[in-house]
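Here is a short briefing for a reader who is new to this structure. The points are grouped by topic.

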Protein chains: 2
Amino acid sequence: MSLVVVGSVAYDAVETPHGRVDRMLGGACTYIALAASYFTPVKVVAVVGEDFAGEDRELLAGRGIGLEGLETAPGKTFFWSGVYSADMNDRTTRATDLNVFADFQPKLPASYRDAPCLFLGNIQPALQRQVRAQMNGLRLTGGDTMNYWIADYRDELLATIAEWDFLLINDSEARMLSGEHNLKRAARAILDMGPSTLVIKRGEHGAILFRRDSFFIVPGYLLEEVFDPTGAGDSFAGGFTGYLTSIGAGLGDGVDRRELSRAVIYGSVMGSFCCERFGVDRFRTLTRAEIDARFQEFKQFTDF
Amino acid sequence: MSLVVVGSVAYDAVETPHGRVDRMLGGACTYIALAASYFTPVKVVAVVGEDFAGEDRELLAGRGIGLEGLETAPGKTFFWSGVYSADMNDRTTRATDLNVFADFQPKLPASYRDAPCLFLGNIQPALQRQVRAQMNGLRLTGGDTMNYWIADYRDELLATIAEWDFLLINDSEARMLSGEHNLKRAARAILDMGPSTLVIKRGEHGAILFRRDSFFIVPGYLLEEVFDPTGAGDSFAGGFTGYLTSIGAGLGDGVDRRELSRAVIYGSVMGSFCCERFGVDRFRTLTRAEIDARFQEFKQFTDF
């Protein structure tokens, strides 16, 4: 089965305690698509500027990612610059130049419309909703959002996620969206908004998958060196969604709870690999065998 | 097998978002002993003042805890007062009146000396070492410490923990003791100090057990209401040490890795119950059947 991913493709400048890179491929859609591509065929919907490099296009194409929906618009590619704190738990944005992303109107190629699975990266909720409306016979829709939409576009966001099977956000976003500090209560409130499944990412502390009748918790992978956490959450989204797409799992009542848990583990595995190098660099060499070996490691250090 | 626990017995005043209690039984030794008593016979070494209430003594005795080493000294019992932040992740100390605890010189009754297991709660490292030296044929020694001893009594502390089988501290203490921010590196440095086993408590985010050749991570239990986190870390220590004592496990090379993991789970279970009521109140009604049911819950929400 194939997965359509919508979101930002960007150039990032990042500084961490391990060094700095002034311009590297980034953006949520990029990380999600790269991570998901290890599990299932992926097609992207995104916009770049005329400065988008051929080698970056080739990296995506080289992983078999469909680029028919990657529009090139006059102007420059979205640019983000940030610096991480010494412990890398905080980051400060130095620049956000939306450039061509400011007027992003996702255009779904006809060849994408029958894909059974859709992941809507963090963009304006109304745009997320419009994309979904153009798809035929979706089996699985999920997506991400952020504090800005939760605070200032709440009604649009609620109408949007009401149609989703799963929502994948971090703990502070879950608290903000639900108005509950306690994550169990927050999850219950969010599941009442429509999605049957909520995944809360907790950064270095792992992730929790909530459904109405169960939950699954995985701790974070212990890396000895976190080079650059940029894109880790999006890589998680790619691993999670890519695995679910690959097994053809919907998220209705009959879903296999173990498969959901495995999807969370694959998400965690992809997030952990992402942090091992700057930007998307780890995905240049990563193999499926390494992914499966790390999956087994998760089993070893959590099983009792 | 029986376990000797050394540490503070106190009265606490605690304020959390759920309410306040002006005086309740507390102290590390109290929580450790109560939690461990569900797994194995426990004897305490501690000091209280003349104000120590008969009903508090009865609570301990009622759980079968040996009180021969509970000395009553002229003066008042150690008193601590603190207030928790709204999310209960931080607390501010309002008062620490050491009282009789200021001159605590642990006296080991003759009947304790042949116990095979010893847990040294957070007291002056030299005192911890003196207690251990009075024991005959220990199979298992573990203990706790705190930032104050790590910063100002480092040599004494290093000499003390060099003789221990396990050290059980929280993440910020592990970072401080090792000088490493990364927990894997911190653990390696601490294992080089002597103990074969290190357990790092991470509060609501669970715990990690490290040995030289393996590690085990458990996420925190998701409580819907944390009434009072006071004593949760000590209850963890009690569950962990009590379980190891009950199965007669040393921590040498031949140790069963699964038993170690189970000990971490029992620690987590006891810590989670502790938070459900103010102070030690949960231990007034808690049953072993509830403990084992929660152990199974941990299996359910972590297994994949």
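**Briefing**

Helix 8 (residues 232-246) of chain B lies across strand 1, strand 8, strand 9, strand 10 (166-170), strand 11 (197-201) and strand 12 (207-211) of chain B, and runs at about 160° to strand 10 of chain B. Contact means heavy atoms within 4.5 Å. Angles run from 0 to 180 degrees between N-to-C directions, with axes as lines fitted to C-alpha atoms, for helices over the stretch in contact. Helices (H or I, at least four residues) and strands (E, at least two) are DSSP runs, numbered from the N terminus.

This is a predicted model, in which local features need pLDDT of at least 70 and side-chain atom pairs count only at pLDDT 80 or more, while totals for chains, interfaces and linings use all residues. Residues are numbered from 1 along each chain as its sequence is written, chains are lettered from A and ligands numbered from 1 in the order in which they are written, and side-chain values use heavy atoms, with hydrogens and water left out.

**The sheet of chain B**

- In chain B, nine strands make up an open sheet of mixed pairing, in the order 5-4-1-8-9-10-11-12-13; two strands pair if DSSP finds at least two bridges between them.
- Strand 5 (66-72) and strand 13 (214-218) of chain B are at the edges with a single partner strand each, so one side of each has no neighbour in the sheet.
- From one strand to the next, the twist averages 15°.
- Strand 4 (residues 42-48) and strand 5 of chain B run parallel and are joined by five bridges.
- B:Val45 has B:Gly69, in strand 5 of chain B, as its bridge partner.
- Helix 3 (residues 125-133) of chain B also packs on the sheet, where it touches strand 1 (3-6), strand 8 and strand 9 (140-143) of chain B, at about 170° to the direction of strand 8 of chain B.

**Aromatic rings**

- Over all chains there are 44 aromatic pairs; rings of Phe, Tyr and Trp (its six-membered ring) pair if their centres lie within 6.5 Å, and planes under 30 degrees apart count as stacked, over 60 as edge-to-face and the rest as tilted.
- B:Phe78 and B:Phe101 are stacked, because their ring centres are 5.0 Å apart and their planes are at 0°.
- B:Phe78 is in strand 6 (residues 78-84) of chain B, and B:Phe101 is 23 residues apart from it, in the loop between strand 7 (91-97) and strand 8 (117-120) of chain B.
- B:Phe78 and B:Phe101 are both buried (under 20% relative accessible area; exposed is over 50%, partly exposed in between, with a 1.4 Å probe and protein chains only).
- B:Tyr266 and B:Phe295 also count as stacked, because their centres are 4.6 Å apart and their planes are at 25°.
- A:Phe39, A:Phe216, A:Tyr243, A:Tyr266, A:Phe295 and B:Phe304 belong to one aromatic cluster.

**Contact between the chains**

- Chain A gives 32 residues to the contact, and chain B gives 32 residues.
- About 3,400 Å² is buried between chain A and chain B, with 52% from carbon and sulfur atoms; buried area is the accessible area (1.4 Å probe) that two parts lose on being put together, summed over both.
- A:Leu222, A:Glu224 and A:Phe304 supply 28% of the area that chain A buries against chain B, more than any other three residues.

**Positive phi**

- A:Asn99 is not a glycine but has a positive phi of about 50°.
- A:Asn99 is partly exposed, at 33% relative accessibility.
- B:Met88, also not a glycine, has a positive phi of about 65°.
- B:Met88 is buried, at 13% relative accessibility.
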